[in-house]
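Please read the following briefing with the sequence and the model side by side.

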Amino acid sequence: MAQGRGSAMFATVFLCMLMFMLHSEMAHAATYTVGDSGGWTFNVAGWPKGKRFRAGDTLVFNYSPAAHNLVAVNKVGYNTCTTPRGSKVYKTGKDQIKLVKGQNFFICSIAGHCQSGMKVAVTAI
């Protein structure tokens, strides 16, 4: 019977440690507003400079949905200002995107907007 209690105690301690580690990871997640107070608009490509992003951080894109949109694209879509098949298009004006590890690319697909600098690339570690 003592061995059963020991196993239960070990499992309880292990679960507590796991929960603590998960909570600690989540506590490190940050939220960033793309373009800061200016929001998601033209010439935001340089906005990530000097910031350190982590997988799990959230980007908030604030914009007028009557004038803009937000599209999560791949590197080719970012470089060519095109929307690849299957790209996720957001239109709420208050979109929140959780970063994945590696490169994350976003553009506005309204004609001419991406070409005018309404695009941003963020690398998350």
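The notes below describe the fold in outline and then take up selected details.

This is a predicted model, in which local features need pLDDT of at least 70 and side-chain atom pairs count only at pLDDT 80 or more, while totals for chains, interfaces and linings use all residues. Residues are numbered from 1 along each chain as its sequence is written, and side-chain values use heavy atoms, with hydrogens and water left out. The secondary structure of the protein chain comes to 2 helices and 7 strands, where helices (H or I, at least four residues) and strands (E, at least two) are DSSP runs numbered from the N terminus.

**Overall composition**

- Read from the N terminus, the elements of the protein chain follow the order α-β-β-β-α-β-β-β-β.
- Of the 125 residues in the protein chain, 34% are buried; buried here means under 20% relative accessible area, exposed means over 50%, and partly exposed lies in between, with a 1.4 Å probe and protein chains only.
- Among the contacts in the protein chain with a separation of 6 or more, 69% are between residues 24 or more positions apart, a contact being heavy atoms within 4.5 Å.

**The open sheet β1-β2-β5**

- An open sheet is formed by 3 strands in the order β1-β2-β5, with mixed pairing; two strands pair if DSSP finds at least two bridges between them.
- The edges are taken by β1 (31–33) and β5 (94–98), each of which has a single partner strand, so that one side of each is left without a neighbour in the sheet.
- Neighbouring strands of this sheet are turned by 20 degrees against each other on average, direction ignored, with axes taken as lines fitted to C-alpha atoms, for helices over the stretch in contact, and angles running from 0 to 180 degrees between N-to-C directions.
- Strand β1 and strand β2 (residues 58–62) run parallel and are joined by 3 bridges, and T33 stands opposite V60 in β2.
- T58 belongs to strand β2 and is buried, with a relative accessible area of 14%.
- Leaving aside neighbours within four places in sequence, T58 is in contact with A30, T31, Y32, Q96, I97 and K98.

**Antiparallel pairing around β6**

- Strand β3 (residues 70–73) pairs with β6 in the antiparallel sense over 3 bridges, and V71 stands opposite I107 in β6.
- The pairing of β6 and β7 is also antiparallel, over 6 bridges, with N104 opposite V122 in β7.
- Q103 lies in strand β6 (residues 102–107) and counts as partly exposed at 48% relative accessibility.
- Apart from neighbours within four places in sequence, Q103 is in contact with K75, V122 and T123; the C-alpha atoms of Q103 and K75, which are 28 residues apart along the chain, are separated by 8.2 Å.

**Cysteines**

- A search of the whole structure finds 1 disulfide, the term being used for a pair of cysteine sulfur atoms within 2.5 Å.
- This disulfide joins C81 to C114, with an S to S distance of 2.1 Å, and the link is left-handed, with -70 degrees about the S-S bond.
- The pair links distant parts of the chain, 33 residues apart, with C81 in the loop between α2 (75–80) and β4 (88–90) and C114 in the loop between β6 and β7 (119–124).
- Both C81 and C114 are buried.
- C108 is likewise buried, with a relative accessible area of 1%, but its sulfur is 8.2 Å from the closest cysteine sulfur, in C114, which is too far for a bond.

**K88 in strand β4**

- K88 has its place in strand β4 and, at 47% relative accessibility, counts as partly exposed.
- Not counting residues up to four places away in sequence, K88 touches L70, V71 and A72.
- The C-alpha atoms of K88 and V73 are separated by 7.5 Å, with the two residues 15 apart along the chain.
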